[in-house]
Amino acid sequence: MQTVFLSALAGTALLAAPAFGATLQALYADQTTAQVIFATDKNGDGDANDPGETQVFIDASNRAGLPSPTGNVFTLTQAADGAVFVGDGNTDTVYRLKDRNGDNSAQLRQEASVWFSADNAEGFTLVTPNGLAEGPDGAIYVDEADSRGAPKGDYVYRTEALNGAGDASDAGESTVWLDLTALNPGSSPFEIVFDGTVAFITDTAGGARRIYRAEDIDGDGAVAASEVTQYVAPSPFAFSIDLAGDTLFALDIIADQILAYTDLNANGIIDAPDEQAVAWDAALIDIEVGAGLFSLAALSPDEILLTSNGSTPEE
């Protein structure tokens, strides 16, 4: 049975901070208030619903001059150096945030900046930054999903800052790591997460939903079709994925369930009944979570954080 922590506000993405200590800390994005919120369980009661336990991490009032960096945040991730990367669907931009003065926010001029957008020297499109993850090489990987109104392809970009400018917008700082449209012409990628050198990517296109397993086996800096398998196919509508131990957790936002996948025979795909299970079911718990579970973060093999676009959970 998973221990489930639910935020008091509807959220669209959730990030677990890397150092918990005795206090749970998390970031989540609230599309209703157009803010990224920092939440901490100060009194150790297992939630962040009490006075003083939430505050704005960043919003449109930031002093960096970013006009609306959190109007429609789809994804969050935190790098090993503490920097937070946010993918916003209104501005179609990835922002880099860093709390430099220890006040649990990134509102100051030197704390928030554009990391990657369509205004890049390589000319890569960025219609919708749906997923973000730091790879084992320290680069930031960006899931790019096009739209019906702007069908320009679906990719995973590898981005890194090379010239000291603090962004990945200059020549040589971004590459196509994986061409998802070549695998599936109707691709619609969302979340991405790394387990060592292996990336897992959700593709929610139409009736062919799947989770890919991708790895740059030959080390040439890109993933070819031969280096990708359909790890789970067909899959449920797994919008968010996260790893804990050797298990891949996937959130089915239709059934309000968390699915657990473990590749027991190590063949690179989930192909046996005992390799998949329902790890958590909203219908079987004692609190009201509301409809619209949206994202998850696995803190450990038995602790998971969820956000909901539905009603506020009740104790």
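1. A residue counts as buried under 20% relative accessible area, as exposed over 50%, and as partly exposed in between. At 46% relative accessibility, aspartate 81 therefore counts as partly exposed. The model discussed here is a predicted one.

2. The overall make-up of the protein chain is as follows. Its secondary structure comes to one helix and 23 strands. Of its 315 residues, 55% count as buried. Among contacts between residues at least 6 apart in sequence, 46% join residues at least 24 apart.

3. Aspartate 88 has threonine 93, in β8, as its bridge partner.

4. The salt bridges of the model number four. One of them is between the side chains of aspartate 81 and arginine 96, with an N to O distance of 3.5 Å. Aspartate 81 lies in the loop between β6 and β7, whereas arginine 96 belongs to strand β8, so the pair ties together parts that are 15 residues apart in sequence. Arginine 96, at 17% relative accessibility, counts as buried.

5. A further salt bridge is formed by aspartate 137 and arginine 158, whose closest N and O atoms are 2.9 Å apart. This pair links distant parts of the chain: aspartate 137 is in the loop between β10 (129-134) and β11 (140-144), and arginine 158 is in strand β12 (residues 155-159), 21 residues apart. Aspartate 137 counts as partly exposed at 40% relative accessibility, while arginine 158 counts as buried at 18%.

6. Arginine 158 also meets the side chain of glutamate 160 in a salt bridge (2.8 Å, N to O). Glutamate 160 is partly exposed, at 23% relative accessibility. Through shared partners, salt bridges join Asp137, Arg158 and Glu160 into one network.

7. A polar atom of the aspartate 252 side chain does lie 3.0 Å from the backbone nitrogen of isoleucine 254. Not counting residues up to four places away in sequence, aspartate 252 touches Pro236, Phe237, Gln257 and Leu259.

Note on methods: Residues numbered from 1 in each chain as written. Predicted model: local features only at pLDDT ≥ 70, side-chain atom pairs only at ≥ 80, totals over all residues. Heavy atoms only, no water. Pairing = 2+ DSSP bridges. Helix = DSSP H or I, 4+ residues; strand = E, 2+ residues; numbered from the N terminus. Polar contact = N/O pair within 3.5 Å; in protein donor to acceptor, adjacent residues only side chain to side chain. Contact = heavy atoms within 4.5 Å. Buried < 20%, exposed > 50% of the residue type's maximum accessible area, 1.4 Å probe, protein only.
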